[in-house]
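Good morning, and thank you for coming. Please look at the sequence and the structure that I am about to show.

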Amino acid sequence: SATYKTTSGIGTTGADHIFQVGNNGATEAMRILNNGNVGIGNSSPSGKLSITGNATTGNDLLISNSTLTTGAAASIALTGTAAASNTKTGLTITSSGANGTASQTVTGQTISVTNTGTTNTNVGLNVTASGATNNYAALFTGRVGINQSAPVSPLEVKSAGSNSDVLRLKNSSDVLNFEFY
């Protein structure tokens, strides 16, 4: 095993590990602060890992695994107890800024599952909530479109084909209660 240490004193101000790249190390690529916070593209990370990218196309963060057969390529776990008057969030994804042109569309998140071969079920999003007095699997602000990219009402559902049901409502015994066409 090997130990890597800064020369200016462990745990003291200025004891950051700075990784520089480019012509004679002119560009800072990564920094590890003396408190353990890591910044990639960020010289003053406020969390354990802070990634600041400037990609105009492509990805600033890519997690890829072509050999995974069981488990998760990436997992985010939040454990512990929130105080009675606090809110605890496991993951927040935001997209902000200004559109460059009137015809530009910004998508905050895209979830895609494409498996071929022997699989018989692909699930793009599975949301569950349990264990509390009030459990909400999903809360939406704004419009929701199912098979509809630009809904004009709070909920807009478009069938996949001319012979497809638009909406079926069933009870927990899988008995059809309502059906709309």
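This is a predicted model: local features need pLDDT of at least 70, side-chain atom pairs count only at pLDDT 80 or more; totals for chains, interfaces and linings use all residues.

Where does Val175 lie? Val175 is found in the loop between strand E7 (167-170) and strand E8 (176-180). Strands, labelled E, are DSSP runs of at least two residues, helices (H or I) are runs of at least four, and both are numbered from the N terminus. Val175 has a relative accessible area of 42% and is therefore partly exposed. Buried means under 20% relative accessible area, exposed means over 50%, and partly exposed lies in between, with a 1.4 Å probe and protein chains only. Leaving aside neighbours within four places in sequence, Val175 is in contact with Leu169 and Lys170, where contact means heavy atoms within 4.5 Å.

Residues are numbered from 1 along each chain as its sequence is written, and side-chain values use heavy atoms, with hydrogens and water left out.

Let us turn to the overall picture. The protein has zero helices and eight strands. Of its 181 residues, 8% count as buried. Among contacts with a separation of 6 or more, residues 24 or more positions apart account for 0%.

Next, the sheet. Strands of a sheet pair through backbone hydrogen bonds, either parallel or antiparallel. Here, four strands form an open sheet in the order E1-E2-E3-E4, with mixed pairing; two strands pair if DSSP finds at least two bridges between them. Strand E1 (17-21) and E4 stand at the edges with a single partner strand each, so one side of each has no neighbour in the sheet. On average, neighbouring strands of this sheet are turned by 20° against each other, direction ignored. E1 and strand E2 (residues 27-32) run antiparallel and are joined by five bridges. Within E2, Glu28 is the bridge partner of Gln20.

How many salt bridges does a search of the whole structure find? The search finds two, a salt bridge being a side-chain nitrogen of Lys or Arg within 4 Å of a carboxyl oxygen of Asp or Glu. In one of them, Arg31 is joined to Asp16, with the closest N and O atoms 3.2 Å apart. Arg31 lies in strand E2 and Asp16 in the segment before E1, so this pair ties together parts that are 15 residues apart in sequence. Both Arg31 and Asp16 are buried. Arg31 also forms a salt bridge with Glu28, where the closest N and O atoms are 2.8 Å apart. Through shared partners, Asp16, Glu28 and Arg31 are joined into one network.

Two loop residues also deserve a look. Most residues other than glycine have a negative phi. Asn24, in the loop between E1 and E2, has a positive phi near 55°. With a relative accessible area of 78%, Asn24 is exposed. Asn147, in the loop between E5 and strand E6 (155-157), has a positive phi near 60°. Asn147 is partly exposed, at 48% relative accessibility.

Ile63 counts as exposed because its relative accessibility is 52%.

Conventions: Axes are lines fitted to C-alpha atoms, for helices over the stretch in contact, and angles run from 0 to 180 degrees between N-to-C directions.
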